[in-house]
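These are my notebook entries on one structure. I set down what I looked up, entry by entry.

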Amino acid sequence: MEHKQLKAFPKDFLWGSASAAYQIEGAYREGGKGLSVWDKFVRIPGKTYEGTNGDVAVDHYHRYQEDVELMAKAGLKAYRFSIAWSRIFPEGNGKVNEEGVKFYDDLINDLIAHNIEPVVTIYHWDLPQALQDAYQGWESRKIIDDFVNYAKTLFEAYGDRVKYWVTLNEQNVFMQHGYLMASHPPAVTDPKRMYAANHIGNLANAAATKYFHEHHFQGKIGASFAYSPNYAVDADPENQLAADNAEQMNAYYWMDVYAYGRYPDVVRQWQIEQGIAPEIKPEDTELLEDPHSRPDFMGLNYYQTNTVQANPLKDGVGLAAENTSGKKGTAQESGIPGAFKSAENEHLQKTDWDWNIDPIGLRIALRRINSRYHLPVLITENGLGAFDTLEADHEIHDDYRIHFLREHVKAIHDAISDGVQVIGYTTWSFTDLLSWLNGYRKRYGFVYVNRDEESEKDLARYPKDSFYWYKQVIATNGEDLGEK
């Protein structure tokens, strides 16, 4: 709908940016840190672009003060970052690494000294390798107690200063890539194991959330979900049904559990027919449905929408690998036989990694979450991965990123005017970083980091044009989007 006049962004709106420990910190064997599953996974030939890894990443561990200074110059109101589990517990449990605790303590204090709200992600994919070796990580219910103990340690160490906590980042992504596509640790292709591990992840998330609420820590807590709203390719009822299948299987299956503690009946029945349904014990249901296990907000990582069509059960299209090369047009058709498969959307442009560019889709995502869950939304990621050029004068002219972000900010503004409660917007990402499978050339940041796949170079930081654009957006609380 169109509005005669848009509501203003809330005065306390959290304009910010984001990162993840493995993608920026480096220092992977320093400060008492143990190994994570990613420290091992990146050493498997062919798993990452040109064998890139996060051993050094962009060296945030040694340069965090410089990075925070840049955040302050940009006027950031919030900074979302993750804590590396194996930096706090090198073995995943047992003895606390005080040097690791101090690193994040210093980072949080530095952020607060610069009037930047710390938003802490408890888990962003870097499971301690010791827990994977001990009991297969997320496939064992033992991880529930270890995860709650880890979260409890963080709540007690930083809870006097941290008001926003994200429990799990993109559970749908790390579970599906890890257990269906073998493109993340532990590199498995088994749907039964995936759904079993995912259920245990839900229990760990609920248990940590319950602990937070029952012990009356200040602030708010919620999971962060990678939501790509699904469209039908056309009005054919079969394709409309395929779009609903995709929503049920790729969105509601996670968000319904976070918000209500139950799985969608449609997906549960499909799992039973396939023989891949996870075991749900009576005590699981009790935990998941406990009011103390409910999130205070829904974290939303939004990058794109998906367009789908019907996919026959017989000879239907299965899951395909993503485009990690940056060669536009190389993404393959992908789907679940009998449910849905991908389709081209002629109304949308794409990034070089074949992600649909759809700012209105963000408004749709926010409205759907509001309508189904009645929860405030914290946009925990949104950004454009692109090839950036460092000019001879150390300037980076990324008008394409400014345009992308501007249109998404407009969509947020429209959603707020629709009545959606949006807490904040932490873009992905503040500095350039390691893009997991895509190396260092897929750049997201407001700040260019001088390194590539071949060399760490000098790791110098250079603000891009988008840095100064975002600074103006923040300074005017979203009123000035730099349009001429």
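The entries below go from the barrel to the aromatic pairs, one tyrosine, a helix and a second sheet.

**Entry 1: basis.** I note that this is a predicted model, in which local features need pLDDT of at least 70 and side-chain atom pairs count only at pLDDT 80 or more, while totals for chains, interfaces and linings use all residues. Residues are numbered from 1 along each chain as its sequence is written, and side-chain values use heavy atoms, with hydrogens and water left out.

**Entry 2: the barrel.** I looked up how the strands are arranged (strands are DSSP runs of E of at least two residues, helices runs of H or I of at least four, numbered from the N terminus; two strands pair if DSSP finds at least two bridges between them). In the order S1-S2-S3-S4-S5-S7-S13-S14, 8 strands close into a barrel with parallel pairing. From one strand to the next the twist averages 25° (axes are lines fitted to C-alpha atoms, for helices over the stretch in contact, and angles run from 0 to 180 degrees between N-to-C directions). Ala226 has Asn301 in S7 opposite.

Entry 3: Helix H7 (residues 142-158) lies across S3 (117-123), S4 (164-169) and S5, at about 165° to S3. Helix H8 (residues 171-179) packs on the sheet and touches S3, S4 and S5 (contact means heavy atoms within 4.5 Å). The direction of H8 makes about 45° with that of S5.

**Entry 4: aromatic pairs.** How many aromatic pairs does the structure hold? I find 41 (rings of Phe, Tyr and Trp, the last by its six-membered ring, pair if their centres lie within 6.5 Å; planes under 30 degrees apart count as stacked, over 60 as edge-to-face and the rest as tilted). Trp138 and Phe174 form a tilted pair, 5.9 Å centre to centre with 40° between the planes. Trp138 lies in the loop between H6 (129-135) and H7 and Phe174 in H8, so the pair ties together parts 36 residues apart in sequence. Trp138 is buried at 3% relative accessibility (buried means under 20% relative accessible area, exposed over 50%, partly exposed in between, with a 1.4 Å probe and protein chains only). Phe174 is also buried, at 5%.

Phe147 and Tyr150 form an edge-to-face pair, 6.4 Å centre to centre and 65° between the planes. They are 3 residues apart in H7, so about one helical turn separates them.

**Entry 5: the open sheet.** A further 4 strands form an open sheet in the order S6-S8-S10-S9, with mixed pairing. Its edge strands are S6 (230-232) and S9 (335-336), each pairing on one side only. S8 (residues 306-309) and S10 (residues 340-342) pair in the antiparallel sense over 2 bridges. Helix H10 (residues 237-260) lies across S6, S8, S9 and S10, at about 170° to S6.
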